[in-house]
Amino acid sequence: MGQSPERAVGDVATDSQALYILVKAPSLCESGKRYIPPHMGQDRGTVGTQKTEELERLKKHVKGLINRLSEPNMASISGQLEELYMAHSRKDMNDTLTAALLDACVTASAMPSRLMMEHVLLVSILHHTVGIEVGAHFLEAVVRRFDGAYRREGQGKERENLFTIVAHLYNFRVVQSCLIFDVLKKLVGTFTEKDIELILLMLKNVGFSLRKDDAVSLKELIGETQSKASGASGEFQDQTRIRFMLETMLALKNNDMRKIPGYDPEPVEKLRKLQRALVRNSGLGSETQLRVSWDNILNAEQTGRWWIVGSAWSGAPMIDNSHHLHPQKQLSGTVGSEILELARKQRMNTDIRRNVFCTIMTSEDFLDAFEKLLKLGLKDQQEREIVHVLMDCCLQEKTYNPFYAFLASKFCDYERRFQMTFQFSIWDKFRDLENLPATNFSNLVDLVAHLLKTKSLSLSILKVVEFSELDKPRVHFLRKVLNILLMETEVEDLGLIFARVSDNPKLGMLREGLKLFISHFLLKNAQAHKSAAEANMLRERADLVTKSLQGKASLRM
């Protein structure tokens with residue numbers, strides 16, 4: 001690997017004219033160990049008018065596709081939308097698609113059931129083929145709009161249409177059943193006439209699916225509803241709808257579809273078959289279904305969108321965001337030249353490095369950066385510059401920004417050749433640890449720990465470590481990486497991470513070195529540096545990884 005160019009980040013950070021770029025560029029801002037997408041806080045684009053015109057064209061294109069949507073052309077429409085996701089930023093596409101779908105599905109009059117299903121099916125297909133942030137963005141918009149409509153007490157059918165969308169998001173495997181049970185329990189808790197109608201609407205659409213997925217929770221919900229109904233019997237002039245709701249729940253409990261008037265599972269099943277055909281390669285497993293509560297969505301601005309990997313959050317009350325309070329809209333026509341000037345100051349001294357740097361700096365999020373970097377069409381040695389620039393940017397952060405770690409993981413998962421390039425790059429840094437500044441050292445620790453925790457790289461990257469000749473910087477580095485790995489990884493994943501190097505006869509020295517290092521440098525005097533609970537947890541996990549390193553036979557004993 002070529003020698004990493006020096007950076008003068010501190011010199012740039014004090015330039016008042018670079019303030020807007022500091023907010024935007026993740027390698028140059030105080031991130032407070034938060035994931036900060038490069039576009040955050042800015043309306044980017046070299047020319048504002050050009051960007052507006054491009055968005056208008058995109059809106060017309062998406063609206064035209066949505067207007068033509070039907071079951072026979074579902075494959076064609078979803079394919080064209082996937083191409084648009086590749087050609088435009090995900091933020092623009094998510095905003096545009098969500099607005100077009102809500103305009104089509106949410107009206108003052110009741111929407112035809114078949115039409116509603118087809119539109120939600122489209123969201124589900126893109127959710128599984130493009131990424132879960134598509135469904136997550138749409139779900140949040142629907143829930144927020146429903147919450148507003150519910151509070152307004154309107155006379156139209158907007159509220160019912162939105163609730164039906166939520167039901168079909170569950171039918172087509174965008175969300176898990178916990179969200180449906182959550183909102184139903186809230187409606188049972190308030191138990192007004194409109195709540196009863198909404199409960200009936202939801203049960204008619206998804207009741208038997210709920211019974212199949214989580215019969216115990218459904219039984220609990222029915223019990224709560226019966227108690228509430230008996231306690232509120234005198235509050236309603238018309239008891240007919242309450243009786244009908246209880247009869248519907250009893251039919252669900254007994255798995256008797258005939259007792260529910262108008263119930264027809266055939267349209268949903270037919271569209272599910274189409275869904276399976278269109279997302280066959282992406283899979284419909286539960287890992288793509290959003291496990292999120294109703295309140296999680298409504299409070300996303302305050303508590304973060306934890307259900308989307310790598311999502312940005314600026315709402316933490318414990319983080320000082322005063323440096324983001326400056327006006328963040330830039331003068332049109334200045335972003336491109338400023339980014340290029342920044343690349344020059346950061347010693348991005350070849351066209352390829354400048355292109356990679358500017359692509360990362362102008363991306364919406366790590367997925368957007370990944371797709372745009374692939375589109376650069378770099379080959380062989382050129383492609384390796386992606387890793388070198390990414391590593392360089394990550395280490396130059398004043399505080400660690402997980403943005404780069406997510407992007408690095410994405411490349412490692414994409415092709416093995418990127419794993420090899422990251423491995424060689426990390427080895428280069430490891431050989432030069434004593435010369436790394438403190439912030440670079442700390443950021444390298446967090447990056448390596450993340451790549452190991454997510455299984456993007458194997459523990460075999462540590463095979464170059466001479467455990468018998470460790471000096472102070474390497475002991476410090478390994479202690480921090482292994483401490484993060486042992487204390488912050490799920491137990492199941494931890495066993496798998498260490499077991500991956502247990503059967504390779506060439507890694508015997510690494511296994512013995514890791515066991516000795518954990519015993520001598522992590523466990524010895526652990527009580528002096530940690531609380532009793534943390535020390536016990538560390539010992540338990542150290543025992544687990546020691547057994548994992550000894551092989552599968554040891555784990556079965």
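How many cavities of 30 Å³ or more does a search of the whole structure find? The search finds 3. The model is predicted: local features need pLDDT of at least 70, side-chain atom pairs count only at pLDDT 80 or more, and totals for chains, interfaces and linings use all residues. Residues are numbered from 1 along each chain as its sequence is written, and side-chain values use heavy atoms, with hydrogens and water left out.

**Second largest cavity**

- On a 1 Å grid over the protein atoms alone, a cavity is a set of points where a 1.4 Å probe fits but cannot get out, and lining residues have an atom within 4 Å of a point.
- The second largest cavity holds about 40 Å³ of space, a volume being the space filled by probe spheres set on the points, which are joined across faces, edges and corners.
- Its lining consists of Ile 426, Trp 427, Phe 430, Val 448, Ile 461, Leu 462, Val 464 and Phe 477.
- By class, this lining has 8 nonpolar, no polar and no charged residues (Ala, Val, Leu, Ile, Met, Phe, Trp, Tyr, Cys and Pro count as nonpolar, Asp, Glu, Lys and Arg as charged, and the others, Gly among them, as polar).
- Helix H21 (residues 416-431) gives the most to the lining, with 3 residues; helices are DSSP runs (H or I, at least four residues) numbered from the N terminus.

**Second largest pocket**

- A pocket is an open set of grid points with protein on both sides within 12 Å along at least five of seven lines.
- The second largest pocket has a volume of about 1100 Å³.
- Of its 41 lining residues, His 168, Asn 171, Lys 204, Asn 205 and Tyr 263 are the closest to its centre.
- Helix H10 gives the most to the lining of this pocket, with 9 residues.
- The lining divides into 17 nonpolar, 11 polar and 13 charged residues.

**Helix H4**

- The end C-alpha atoms of H4 (residues 74-87) are 20 Å apart, which agrees with the 20 Å that its 14 residues should span at 1.5 Å a residue (1.5 Å times one less than the number of residues).
- Met 74, Ile 77, Ser 78, Leu 81, Leu 84 and Tyr 85 are buried in H4 (under 20% relative accessible area, 1.4 Å probe, protein chains only).
- Seen down the axis of H4, the buried residues fall within an arc of 115°, so they line one face of the helix; the arc is that of the directions from the helix axis to the C-beta atoms.
- On the other side of H4, Glu 83 and Ala 87 are exposed (over 50% relative accessible area).

Terms used
Helix = DSSP H or I, 4+ residues; strand = E, 2+ residues; numbered from the N terminus.
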